[in-house]
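Please keep the sequence and the three-dimensional view at hand while reading.

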Amino acid sequence: MRATEVRDKIVQAVEGIAPDNVAHAGDVFRQAPPQLDYPPRDRVFMVTRTIPQAPADLLFAGADPYDITFELAVSYTSTPNSQDRVLLDGDLICDSIKLLESQNAQILFTDVKGAADFEDGQGNRLCTLSIRVVYDRRDA
């Protein structure tokens, strides 16, 4: 598995989430276009490498493990229930990332940590998570 595949698996996991609270049929998780939309749109997200891949210096039954860290940033527009959406989605995002290990043989370990939440002057939020993945660098 290569680092691009790891990133793509994270994107697929997040896009596969069915939110608990939706405002309309199009209110789903979707990856941001190369240039972010402005104003922010609900549940648009970006996955960006924050710590470059490197040998993991771990022994996993014949694997060649590499370690990489991505940041997942999800935007939310200001609404009366935006805090509830942020909290409910946070649980679902963590759950979907934790499942990567059991759904992909070459993903050996995942670690999800909250990074930060930012709010702009209009009350729009950008919620970020740090996702560390140890993966088998060999081809399947």
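Val 44 stands opposite Ser 75 in strand E3. This pair belongs to the contact between E2 and E3, which run antiparallel and are joined by nine bridges. The model discussed here is a predicted one.

**The sheet**

Five strands make up an open sheet with mixed pairing, and their order is E1-E2-E3-E5-E4. Strand E1 (30-31) and strand E4 stand at the edges; each has a single partner strand, so one side of each is left without a neighbour in the sheet. In general terms, strands of a sheet pair through backbone hydrogen bonds, in either the parallel or the antiparallel sense.

E3 and E5 also run antiparallel, and 12 bridges join them. Within this pairing, Glu 71 has Ser 130 in E5 as its bridge partner, and Pro 65 stands opposite Asp 136 in E5. How many residues of E3 are buried? The count is 10 of its 12 residues, and the strand is thus described as mostly covered.

Ile 107 has Tyr 135 in E5 as its bridge partner. The two strands E4 and E5 form a hairpin with five residues between them. In the turn, Gly 123 has a positive phi of about 90°.

**The nonpolar core**

The largest nonpolar core comprises 26 residues, and Ile 10 and Leu 72 are those with the most contacts inside it. At least two residues of this core come from each of helix H1 (3-15), strand E2 (44-55), strand E3 (65-76), H2 and E5. H1 supplies the largest share, six residues.

Which residues does Ile 10 contact, apart from its neighbours within four places in sequence? They are Val 47, Phe 70, Ile 97, Leu 100, Ile 131 and Val 133.

Ser 96 lies in helix H2 (residues 82-98). With a relative accessible area of 11%, which is under the 20% limit, Ser 96 is buried. Leaving aside neighbours within four places in sequence, Ser 96 is in contact with Ala 13, Val 14 and Ile 17.

Cys 127 has its place in strand E5. Is Cys 127 buried or exposed? At 10% relative accessibility, Cys 127 counts as buried. Not counting residues up to four places away in sequence, Cys 127 touches Leu 72, Ala 73, Val 74, Tyr 76, Val 86, Ala 116 and Asp 117. One of these residues, Val 74, is 53 residues from Cys 127 along the chain, while the C-alpha atoms of the two are separated by 5.2 Å.

**Salt bridges**

A search of the whole structure finds nine salt bridges.

| Salt bridge | N to O distance |
|---|---|
| Arg 132 and Asp 67 | 2.8 Å |
| Arg 125 and Asp 117 | 3.6 Å |
| Glu 119 and Arg 125 | 2.5 Å |

The salt bridge between Arg 132 and Asp 67 links distant parts of the chain: Arg 132 is in strand E5 and Asp 67 is in strand E3, 65 residues apart. Arg 132 is partly exposed, with a relative accessible area of 28%, whereas Asp 67 is buried at 18%.

Arg 125 forms a salt bridge with Asp 117 and another with Glu 119. How accessible are the residues of these two pairs? Arg 125 counts as buried at 17% relative accessibility. Asp 117, at 41% relative accessibility, counts as partly exposed. Glu 119 is exposed, with a relative accessible area of 51%. Asp 117 is also among the residues that Cys 127 touches.

Elsewhere, Asp 27, Arg 43 and Asp 89 are linked in a network of salt bridges.

Methods: Residues numbered from 1 in each chain as written. Predicted model: local features only at pLDDT ≥ 70, side-chain atom pairs only at ≥ 80, totals over all residues. Heavy atoms only, no water. Pairing = 2+ DSSP bridges. Helix = DSSP H or I, 4+ residues; strand = E, 2+ residues; numbered from the N terminus. Buried < 20%, exposed > 50% of the residue type's maximum accessible area, 1.4 Å probe, protein only. Contact = heavy atoms within 4.5 Å. Core = buried A, V, L, I, M, F, W, Y, C linked by side-chain atoms within 4.5 Å. Salt bridge = Lys/Arg side-chain N within 4 Å of Asp/Glu carboxyl O.
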